[in-house]
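Biologist: I would like to learn how to read ring pairs and nonpolar cores in a model. Please take me through one case.

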Amino acid sequence: MTVPRVAVGPLLWCWLFGAAVLTSLGPSVVSASVQRLGDATFEHETQATTGGTTGSWLVTFGAEGCARCAKLRKELQSVSEDLREIYTIPAHVDQADSAGLWKRFGLKEVPVTYFFSKGGMYRFDGKEEGRELLKFATEALDGAMEARREKILPEPNFLSELIDLVLGSIVSLVKGLNVLAMSAGKQTHALVNTLFGGERTEL
């Protein structure tokens, strides 16, 4: 008796091949690791302001050459799979390509870590260890940190950038006028001393 051959479509073959490749690569590749964000990608990826559908994000902000920043990224990497299991995406931002984000969030130091979820942000101030980062994200998701919730500032648009530019120009102009006024005052004082200064001889 001849067993009939079953035709397998090309889409099924592609699916089977893709599954085999992903399985052979292991879970670390499938789940990905710590994602890098910057000015050009932050809002699109996180949808932080709108609290969109991309899930929650645990983001460290750092700078090249910062030893603590590098250590914190490694700690974040160590719990990346655990974070993804609670639907939180781990990411890091480097100051070199993120001047806009530094200004937007008023960052003055590194490293700084924020948890972004549902239009709110929470600043991490615990020990810079993987288990502490995971605990922080879990508690934020459970609603245990609502008292620390901050409103996320919107992404700068053309109008806000134009206003900042005008205000910056005004500040620079005022500073320049003050310098000129001080210089003119000194020159006037010197001229008065020259004209009316010196010893007087009484008659």
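**Contacts, rings and core**

Modeller: Start with F61, which touches F42, V93, W102, F105, L107, V110, P111, V112, Y114 and F116, leaving aside residues up to four places away in sequence. Contact means heavy atoms within 4.5 Å. This is a predicted model, where local features need pLDDT of at least 70, side-chain atom pairs count only at pLDDT 80 or more, and totals for chains, interfaces and linings use all residues. Residues are numbered from 1 along each chain as its sequence is written, and side-chain values use heavy atoms, with hydrogens and water left out.

Biologist: How many aromatic pairs does a search of the whole structure find?

Modeller: Rings of Phe, Tyr and Trp (its six-membered ring) pair if their centres lie within 6.5 Å; planes under 30 degrees apart are stacked, over 60 edge-to-face, and the rest tilted. The search finds 11 such pairs. In one of them, the centres of F42 and F116 are 5.5 Å apart with planes at 75°, so this pair is edge-to-face.

Biologist: Are F42 and F116 buried or exposed?

Modeller: Buried means under 20% relative accessible area, exposed over 50%, and partly exposed in between (1.4 Å probe, protein chains only). F42 is buried at 1%, and F116 is buried at 2%. The rings of F105 and F116 have centres 5.6 Å apart and planes at 50°, so that pair is tilted.

Biologist: Which residues have the most contacts inside the largest nonpolar core?

Modeller: A nonpolar core is a set of buried Ala, Val, Leu, Ile, Met, Phe, Trp, Tyr and Cys residues joined through side-chain atoms within 4.5 Å. The largest has 18 residues, and F42, F61, V93, F105 and F116 have the most contacts inside it.
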